[in-house]
Amino acid sequence: MTFLAIDVGNTRLKWALFDAPHPGASVRAHGAEFLDNIERLAEGAWAGLPAPTHMLGCIVAGDAVKRRVVEQMELWDVPARWVVSSAQEAGLVNGYDHPSRLGSDRWVAMIGARHRMLAQGPARPLIVVMVGTAVTVEAIDAEGRFLGGLILPGHGIMLRALETGTAGLHVPTGEVRLFPTNTSDALTSGGTYAIAGAVERMVQHVIQHCGEPPACMMTGGAGWKMAPSMTRPFELIENLIFDGLLEIASRRFAAQPV
Ligand SMILES: Nc1ncnc2c1ncn2[C@@H]1O[C@H](COP(=O)(O)OP(=O)(O)O)[C@@H](O)[C@H]1O
Ligand SMILES: CC(C)(COP(=O)(O)O)[C@@H](O)C(=O)NCCC(=O)O
Ligand SMILES: [K+]
């Protein structure tokens with residue numbers, strides 16, 4: 001039983017092939033492609049893989065991209081299955097006004113984070129920060145109810161917005177500084193602290209609402225950029241979405257014959 005997990009964001013497709021559709025399964029192979037390069041998968045990174053017996057993915061990049069991914073998967077017989085956010089799944093309750101409108105990447109990452117926390121110790125409130133094309137900041141109470149979350153532009157979008165909206169902001173990437181003294185550093189620091197500041201506010205909201213400090217987890221392709229600038233200790237996790245997909249897969253595929 002091999003399990004292919006796929007996470008398609010607005011910038012890159014991330015994939016991992018696991019030994020089994022269960023939490024804790026070992027990774028046989030993994031990779032990431034920018035969306036422009038999806039067409040290379042079947043003849044490239046996927047060509048030598050053992051055929052997956054199960055697949056589950058989440059995608060927020062739109063239907064055209066989804067079709068291109070499914071086309072690459074024709075290499076194997078495995079059906080493409082995609083998570084849709086629901087009112088509840090794997091111990092999490094979805095507090096969104098319209099649960100299915102919540103980005104499935106956010107939902108799956110929260111499921112991964114919640115189970116990771118429960119494996120480490122007693123249930124606590126939880127903050128899940130995902131730093132990708134956009135940045136999301138989710139709040140979950142100790143009982144596993146998703147209370148709500150923030151969506152912010154990611155580093156790249158913030159910089160592009162400033163570049164296109166001004167005459168004088170076309171500069172290379174800078175460093176994060178407490179007191180930036182050039183345009184590059186001012187832009188990089190501004191974006192980084194905008195995100196760190198929003199996260200800090202959400203932590204305060206959770207402490208106020210839940211009466212105890214949350215566990216804080218961060219993931220996403222640009223998580224490492226944010227980690228040194230956070231106001232509180234954050235556990236940086238390579239890919240919470242894969243953790244969440246394994247949790248969901250173990251429930252969906254458990255009783256199913258191969
Ligand atoms: N090797 C890399 N190449 C390009 N961007 C990277 C790389 N590693 C991290 N990043 C950053 O990560 C962001 C994309 O992260 P990712 O998690 O793939 O986003 P998404 O899930 O939205 O596709 C980019 O905006 C970029 O800033
Ligand atoms: C917020 C997002 C754009 C994040 O996308 P990403 O940065 O992972 O590419 C995505 O989760 C999305 O399109 N969500 C739907 C709207 C919502 O969650 O409310
Ligand atoms: K993502």
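Predicted model: local features only at pLDDT ≥ 70, side-chain atom pairs only at ≥ 80, totals over all residues.
Strand β4 covers residues 54–59, and because six of its six residues are buried, it is largely enclosed by the rest of the structure.

- Where the two strands pair, L4 stands opposite M55 in β4.
- Both faces of β4 are covered, with H54, L56 and C58 buried on one side and M55, G57 and I59 buried on the other.

**The largest pocket**

- Domain 1 (3–82) and domain 2 (88–243) both give residues to the lining of the largest pocket, and therefore this pocket lies between them.
- The lining is made up of 46 residues, and those nearest the centre of the pocket are R12, K14, V131, G220 and G221.
- Several helices and strands each supply at least two residues of this lining, among them β2 (12–18), β3 (27–34), α2 (104–120) and α6 (240–252).
- By class, the lining of the largest pocket divides into 19 nonpolar, 17 polar and 10 charged residues.

**The second largest pocket**

- Here the lining consists of 13 residues, of which H155, T173, T188, T192 and K225 lie nearest the centre of the pocket.
- Helices α3 and α4 (183–210) each supply at least two residues of this lining, and the largest share, four residues, comes from α4.
- Four nonpolar, seven polar and two charged residues make up the lining of the second largest pocket.

Note on methods: Residues numbered from 1 in each chain as written. Chains lettered and ligands numbered in written order. Heavy atoms only, no water. Buried < 20%, exposed > 50% of the residue type's maximum accessible area, 1.4 Å probe, protein only. Pairing = 2+ DSSP bridges. 1 Å grid on protein atoms, 1.4 Å probe; cavity = no way out; pocket = protein on both sides within 12 Å on 5 of 7 lines; lining within 4 Å. Nonpolar A, V, L, I, M, F, W, Y, C, P; charged D, E, K, R; others polar. Domains from an automatic or database assignment.
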